Amino acid sequence: MFSTTTQYALRALAKLAEVEPGTAILGRDLARQADIPANYLSKVLLAMRNAGLLSASRGTGGGYRLERPPEEIRLIDVCEIFDAPRAKPSCLLGKTECSDEDACSAHEAWKEVRSTFMCFLESRTLADISRTASRVGDSRRLPGGRLR
């Protein structure tokens, strides 16, 4: 549904959301933890830093940090950086002006899907997806940390 870049951004941010607030993660460690090629991730992180979602610092204790609490970063905020047209889908058939008054043949069915999709992106946050990722990972673990 989204580009690889947006998927990588969401995956990296979900990892950052799982660390102690104020804790920085080195880019190479984040790349390894999120399973994202390091060179690709550095470009993604730069775009998110420029958008104000992250801060980056060098030196001891340096790395990447979220600029806001995970509960305040909506998925739409991330998706619009890399996939603006996909983040706000328009007419399914590509009609320039598609509205209730001047609708394409797919308008009624697509309107409901688009509304649900937008509601999801606007109402879900990094905290939501990072907790989900943690629960999924935890449910597969046995006592002692071994995977089922």
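The lining of the second largest pocket divides into 7 nonpolar, 2 polar and 4 charged residues, where Ala, Val, Leu, Ile, Met, Phe, Trp, Tyr, Cys and Pro count as nonpolar, Asp, Glu, Lys and Arg as charged, and the others, Gly among them, as polar. A pocket here is an open set of points on a 1 Å grid over the protein atoms alone, where a 1.4 Å probe fits, with protein on both sides within 12 Å along at least five of seven lines; lining residues have an atom within 4 Å of a point. Of the 13 lining residues, E20, P21, G22, L66 and P70 lie nearest the centre of this pocket. Helix α1 and strand β2 each supply at least two residues of the lining. The pocket holds about 190 Å³ of space, a volume being the space filled by probe spheres set on the points, which are joined across faces, edges and corners.

The model is predicted, with local features requiring pLDDT of at least 70 and side-chain atom pairs counted only at pLDDT 80 or more, while totals for chains, interfaces and linings use all residues. Residues are numbered from 1 along each chain as its sequence is written, and side-chain values use heavy atoms, with hydrogens and water left out.

The secondary structure of the chain comprises 7 helices and 2 strands, taken as DSSP runs (helices H or I, at least four residues; strands E, at least two) numbered from the N terminus. Along the sequence these follow the pattern α-α-α-β-β-α-α-α-α. Of the 148 residues, 33% count as buried (under 20% relative accessible area; exposed is over 50% and partly exposed in between, with a 1.4 Å probe and protein chains only). Among contacts (heavy atoms within 4.5 Å) between residues at least 6 apart in sequence, 59% join residues at least 24 apart.

Beyond four places in sequence, L54 touches L13, L16, L45, M48, R49, Y64, R65, L66 and E67.

S55 is placed in strand β1 (residues 54–57). Its side chain makes a polar contact of 3.0 Å with that of E67, a polar contact being a pair of N or O atoms within 3.5 Å; within protein, one must be able to donate a hydrogen and the other to accept it, and residues adjacent in sequence count only if both atoms are side-chain atoms. With neighbours within four places set aside, S55 is in contact with G63, Y64, R65 and E67. In helix α1 (residues 4–17), which contains T5, a polar contact of 2.5 Å joins the side chains of T5 and Y40. Outside four places in sequence, T5 touches Y40, V44 and F82.

Two loop residues were also examined. D35, in the loop between α2 and α3, has a positive phi near 55 degrees and is exposed at 61% relative accessible area. Most residues other than glycine have a negative phi. A103, in the loop between α5 (84–87) and α6, is partly exposed at 37%. Its C-alpha atom is separated by 8.9 Å from that of C91, 12 residues apart along the chain. Not counting residues up to four places away in sequence, A103 touches K95 and C98.
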